[in-house]
Every structure is written in structure tokens, then in C-alpha cells.
Amino acid sequence: AVQARALVEAGVDALLFETFSDLDEARLAAYLSGRIAGFSGPMRVQQFEGGQSNPTFLLSTPDHSYVLRRKPAGILLKSAHAVDREYRITKVLHEAGLPVAEPLLLCEDEDVIGSIFYVMRYVPGRSFWDPRMPGLDRAQRAAIYDSANETLARLHLVDFAALGLADYGRPGNYFARQISRWSRQYEASRTRDIPEMDRLLAWLPDAIPDTDERTTIIHGDYSFHNLLVHPTEPRVLAVIDWELSTLGDPLGDLTYHMMEWFRPEGVDVRGTLQGADLAALGIPSADEYARRYCERTGLRGDPTHPFYRAFNLFRVAAILQGIAGRARDGVQTANNASDIVTRIEPLAKAAWLAAQEAGAG
């Protein structure tokens, strides 16, 4: 916790904390004691700011710090908030030597804190919400971008079947399945009509580019805010937030990650590289970044095709609509849900513009 606060005070885009008292801290500490090696109170609980789906907490003890992720309370969308899946994937990947936080315990007894949860070891690091990474020099930015690229390529080269993850998702037709999933969840959470979303719902299923599809582990939300970079070195220490992970086409991960270059200004709390002088910043162009990834993985296809921009913007809009639906139903997990709702229509408009660039009528 001290290291995390030091990063915040130094101006790094680390996640902020707020005091949280709704958990039964004594009951939680008693449960963890004896189940996690080396765990000993007293324990302080703080909630990470920024979590919009699975509430996430910092557990601080005199000797160690941990992170707890729980399923939110209330009526939830089918397949959402599966913290048990997060625990499973991170446990397997950590044992395989991939850069993830070490998972320590899964609790499926809802009586302990009101929902199932898991605990992982805390990884001190920097989390960049602004992809321009202000405060760093050109060489540092270049190295961090290359480390992020190498980490994603490494994940996509994992033999998931050999790790016992052949049943972690369905192979094939990744984009078709994703479009169907987020279309259903958008409809289930719909709070008002957005014409551009309705056009996207109709256009996307038949617009998927014809490529040689692979099946790999998919993180599902691979962007810089979910990468913990070493406190002083320009390298990725851990990939966090595996809620949306599955098996699927690695182009799904890569093109979502590449929204850092294409994200319209003002539609996300994260920054964008649009309009930035990339050469001056030491950041590769989208084409350069995609080429380096393809060299590392042997992937074929055009990750900069406008279909992928349309799809990913639509997907984010559908995810935010889910937050709007939870707010409507009184199951609000984000303090800024009302602000999030205002971003849905601009995302939909931007997605439709990309769809028109891809040939939508």
C-alpha cells in the first residue's frame, strides 16, 4: 500500500484508493487467516477506484498486501462477473510463468462477504490510463510499448490445451460469437434507443473480414490500464483484470488493444493517441505496432481494418450499456455510472463512422 500511494503521489496513473467499510473486515480477516500462508492481521481494506464491474479491494497487513476481487451483489447478466473464471485462468498462467498476479485463494462461500471472491498477491506497479504516458521520455515509452506487444504475443503463443484450458471457451467464429453476445447483453440492458447501435446490430454480423482464424487465449480487455509496469523499469510485470478472458481469435485482443491509437477523443476516461506526434513521443505507429506483433506470432491479416474499430467501439458501448442497466436496476457498482451513460451514444456514433469507412451503407 505504501508503494502504491508513493506512485500516486509521484504523479503516476496508478489506481487511486478510497476507504471502504461495507465489508465485514473482521470476518474476512478471520477467514483468510490460516488459508493464505503468511497472512496475519490487523488488516485494512480499501477499494480501488475505477472498477466498473467486479469490485476490487486492497487488503493491507503489516507484512503483506493483497488484492481481492468479488462478484457484485444483485441480479447479474448471464456469464458476467465470473471471478471464479478469473481465478482459474490466472492460476494456470501464473504456474506457466506468464506475467500475472499470483492467485492465492478462491472463496465460493457467499456467506463470508456476500458474494464469491478470490485473493491474489498485490503487484506494485504503474498503470497508465493515458497511452501518451506523460512524464516519461521517448526511450521509456518505446520500451513499454514493446514490452506490452511482446507480452500480448507471448500470451497468444501459449499452448492452452496443454495447460488444461481446452474447455475455457469455444474455438472458431470468435467475432460472430462476440457480436452475438454483446448484442444480446446490449438489448438486455437497453435504457433508450440509439439509432447507430441499432444499425451496428444489423451490420456487424455480415461484415466480418475473411481471415485465417486462430484460436488462442484471449484476455478481452488488453490495454495499458490493465498492465502493471515495473515501478522503475520499462517492462510489464503483470496483466490484470481477466474477467472477459476466453478462447478466441487473437485479432480480437490485438485490435481492441490498438484502440489506443484509434479511440475518439472524449469517449473514454482513457486517453487516446489520435492527433499525437508519435515520433516525438517515441511511440510506434499502429502499422508498426501491428507489424511487430505479427512478426512475433506469425499472424496474418490486417489489424487496422476499419471493421475492427467499429466492432471494438460497439463492444465498449455495449459494456457501458450494461453499467447503465445495472444503474437502472439499482445494482450500481460504479460511482460514476451517470457519467458513463453519457459516453454510450458518442461511442456508437464513432463505431458507425468506422463501419461506414468499412463499407456500411
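Let's start at the end of helix α13, where G359 follows with a positive phi, near 115 degrees. Helices here (H or I, at least four residues) and strands (E, at least two) are DSSP runs, numbered from the N terminus. What you see is a predicted model, in which local features need pLDDT of at least 70 and side-chain atom pairs count only at pLDDT 80 or more, while totals for chains, interfaces and linings use all residues. Residues are numbered from 1 along each chain as its sequence is written, and side-chain values use heavy atoms, with hydrogens and water left out.

Stay with α13 for a moment. Its 14 residues reach 20 Å from the first C-alpha to the last, close to the 20 Å expected at 1.5 Å a residue; the expected span is 1.5 Å times one less than the number of residues. Within α13, I344, L347, A348, A350, A351, W352, A354 and A355 are buried. Buried means under 20% relative accessible area, with exposed over 50% and partly exposed in between (1.4 Å probe, protein chains only).

Some of those residues take part in packing against another helix. Helix α6 (residues 195-203) meets α13 (residues 344-357) at an angle of about 40 degrees, with the axes 8 Å apart. Axes are lines fitted to C-alpha atoms, for helices over the stretch in contact, and angles run from 0 to 180 degrees between N-to-C directions. That angle makes α6 oblique to α13, given that angles under 35 degrees count as roughly parallel, over 145 as roughly antiparallel, 65 to 115 as roughly perpendicular and the rest as oblique. On the α6 side the contact (heavy atoms within 4.5 Å) uses E196, M197, R199, L200 and W203, and on the α13 side A348, K349, A351, W352 and A355. By class, that makes 7 nonpolar, no polar and 3 charged residues. Here Ala, Val, Leu, Ile, Met, Phe, Trp, Tyr, Cys and Pro count as nonpolar, Asp, Glu, Lys and Arg as charged, and the others, Gly among them, as polar.

The axes of α7 (residues 250-257) and α11 (residues 306-328) come within 10 Å and cross at roughly 80 degrees, so α7 and α11 are roughly perpendicular to each other. There, L251, G252, T255 and Y256 of α7 meet Y308, N312, R315 and V316 of α11. This contact of α7 with α11 divides into 4 nonpolar, 3 polar and 1 charged residues. Next, α4 and α10 (residues 286-297) pack at about 40 degrees with their axes 9 Å apart, and are therefore oblique to each other.

Now turn to helix α3 (residues 83-95). V83, E86, Y87, I89, T90, V92 and L93 are buried in α3, and their cover includes β4 (65-70), β5 (103-107), β6 (117-121), α4 (138-156) and β7 (216-218). After α3 comes G97, whose phi is positive, near 90 degrees.

L59 is buried, with a relative accessible area of 0%. Leaving aside residues up to four places away in sequence, L59 touches L28, L32, M43, R44, V45, H64, S65, Y66 and L68.

Finally, step back to the whole protein chain, which holds 13 helices and 10 strands. Of its 361 residues, 56% count as buried.
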